[in-house]
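Hello,

Here is the structure I promised to pass on to you. Have a look at it first, and then read my notes below.

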Amino acid sequence: MSSKRILMITGDFTEDYETMVPFQALMAVGHQVDAVCPDKQAGDSVATAIHDFEGDQTYTEKPGHRFALNATFADINPADYDALVVPGGRAPEYLRLNNQVLTMVQHFFETDKPVAAICHGAQLLAAAKVLEGRQCSAYPACQPEVELAGGRFANLEVTDAVTDGNLVTAPAWPAHPAWLAQFMAVLDR
């Protein structure tokens, strides 16, 4: 496996596990992961939230850890990266309103670079208009957005992930083993 340079776009109220676990796991196997957020610099942090499945109609939310960014959004050039990671949580809800972020996401699809998105990360992919004809999993409440964006929603068990070309998606953090394994396989192509 050769080391890759991976961009992670995140923001306040990103899901704690869906940010920290891939950030640390990808670095642990030798990749460089730059975590950024619009209007923030390296050393700033974002709030995270812990989303859990406790038998309610949707997930519950509790405060998570602060997540320190290690790169500055304004300095990022997506052409310098081999892959993109989009964590879930509530961050994609407002990240999808940022045209610079949408352009960055589109770059990875236009250049056929690996992309991993989990949970509500599909909201950002839908807004970037990159799901046309693609199979995509996400938190079940995102199914309408995936389908309205022309994607085929993959209704998976919460522990499963799906790969469609360069895109690896999963419904939520319990899928980390499958999601990260499939993403690492796409990275090694």
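Strand 7 and strand 11 (residues 167–170) run parallel and are paired through four bridges. This is a predicted model, in which local features need pLDDT of at least 70 and side-chain atom pairs count only at pLDDT 80 or more, while totals for chains, interfaces and linings use all residues. Residues are numbered from 1 along each chain as its sequence is written, and side-chain values use heavy atoms, with hydrogens and water left out.

Strands (E, at least two residues) and helices (H or I, at least four) are DSSP runs numbered from the N terminus, and two strands pair if DSSP finds at least two bridges between them.

Which way do the residues of strand 7 (residues 115–118) point? V115 and A117 point one way, A116 and I118 the other, and all are buried (under 20% relative accessible area; exposed is over 50%, partly exposed in between, with a 1.4 Å probe and protein chains only).

Leaving aside residues up to four places away in sequence, W179 touches V85, A116, A117 and I118, among others; a contact means heavy atoms within 4.5 Å. W179 is also among the residues with the most contacts inside the largest nonpolar core, which has 61 residues. Such a core is a set of buried Ala, Val, Leu, Ile, Met, Phe, Trp, Tyr and Cys residues joined through side-chain atoms within 4.5 Å. In soluble globular proteins, nonpolar side chains tend to be buried together.

There is also an open sheet of three strands, in the order 2-4-5 with mixed pairing. Strand 2 (14–15) and strand 5 (60–68) are its edges, each pairing on one side only. Two bridges link strand 2 in parallel to strand 4 (residues 45–52), and T14 stands opposite T48 of strand 4.

Buried residues make up 55% of its 189 residues. The C-alpha trace spans about 40 × 35 × 30 Å along its principal axes.

Enjoy exploring!
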